[in-house]
Amino acid sequence: VSPAETHENVSRLLSAYLDGELTQAESQLVRVHLEDCAECREAYEELRALTRVARELDFPEPPEERMAELERRISVRAPRRFGWIFLIAGLAALLVYALIRWISDPDFPTTADLIAGAIAVGFVLLFLSVLRQRWLELPHDRYRRIKR
Amino acid sequence: MMGTLAPAEVPIAVRGEEGEFTQLFHSHKRKAFHFAFQLTGNREDAMDLTQEAFLRVHRHWSRRDPSRPFTAWLYSILRNLAIDLKRQRDSRTNREQAVAVEDGSTPNPEHLARQTQLKTRVWDAINQLPDQQREVLVLRDIHGLSYAEIAQVTGATLATVNSRLHDARQKLRQKLGRCL
């Protein structure tokens, strides 16, 4: 690698060197080159100065009223979320309990009753589906009553 | 306040979850607002973005990935919101001065006096960088994130982060020249 190529490589590594993001070998290459190259040393010092100033920049503080309002909004939502969790868990438990009671009931339907029920439910669902499809395919022209 | 929930009203597990969220909210709200400001250049937009980001974090809190650092998660939400906002309108026309003017509507002379000319020039130069270079520079030099964390926030590779940061700093050096 020629000195010019090393110079070019190092100048591209300076930014990451400053941030400590290079491998050990790369860092060593940059360190050695910086000892001999005034141009790269100057560039490195400028980068350091730049990052120092950037770190010291001041920015506006967040508006306190709006931050407090945000906290209030979140605090209102927190119990609501847990309310949903408890509600869903409670309903699931109730469903399981009702199923167990139903199955253990002496009047629980026989297998034949269940098959007949499934067929009936299937017919009803098919009928409703066809009905819905027909309804969706009907021409819905809101101006159809207007004489042209 | 998040602390308005009486401890006895919620179960221990729930209290722990909310307590952790509250803690992170308080430790990150200022940084989040600053990052939003640095992306939008506008206090009003920055506050809107901060609010939406925290509401989203809270909404998805129970489904969060514990292996992902909170800062990276929060900043990536803010970044996405800022991109959406920019798509809706040209935010460049609405940038406030961060360093010299604390409040966009009523400049504070005392505050102005305290700011050095160099800081103002540096921020102006950062503001003129292309968006992708500006966000990387802001995350590294102002927020102190590592390259890996920046890659998580921006969705870019480490090599891209490195390259964007290098290009951004080169542009700043060229622009600021001897001021540094």
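Q: What makes B:Arg64 count as lying over the face of B:Trp61?
A: In this predicted model, B:Arg64 is placed at 3.8 Å from the ring centre of B:Trp61, and the limit for a charge over a ring is 6 Å, together with an angle within 35 degrees of the ring normal. The distance falls within that limit, and B:Arg64 is listed as lying over the ring face.

Q: Which cluster does B:Trp61 belong to?
A: Ring pairs join B:Trp61 with B:Phe21, B:Phe70 and B:Trp73. Over all chains, the count comes to nine aromatic pairs, and one of them is formed by B:Phe70 and B:Trp73.

Q: How do you know whether B:Phe70 and B:Trp73 are buried or exposed?
A: Buried means under 20% relative accessible area; B:Phe70 has 12% and B:Trp73 has 15%, so each of these two residues counts as buried.

Q: What does helix α3 of chain B give to the largest nonpolar core?
A: The largest nonpolar core has 69 residues, and B:Leu78 is among those with the most contacts inside it. Helix α3, residues 70-88 of chain B, gives the most to this core, with ten residues.

Conventions. Residues are numbered from 1 along each chain as its sequence is written. Chains are lettered from A and ligands numbered from 1 in the order in which they are written. This is a predicted model: local features need pLDDT of at least 70, side-chain atom pairs count only at pLDDT 80 or more; totals for chains, interfaces and linings use all residues. Side-chain values use heavy atoms; hydrogens and water are left out. A nonpolar core is a set of buried Ala, Val, Leu, Ile, Met, Phe, Trp, Tyr and Cys residues joined through side-chain atoms within 4.5 Å. Buried means under 20% relative accessible area, exposed over 50%, partly exposed in between (1.4 Å probe, protein chains only). Helices (H or I, at least four residues) and strands (E, at least two) are DSSP runs, numbered from the N terminus. Rings of Phe, Tyr and Trp (its six-membered ring) pair if their centres lie within 6.5 Å; planes under 30 degrees apart count as stacked, over 60 as edge-to-face and the rest as tilted.
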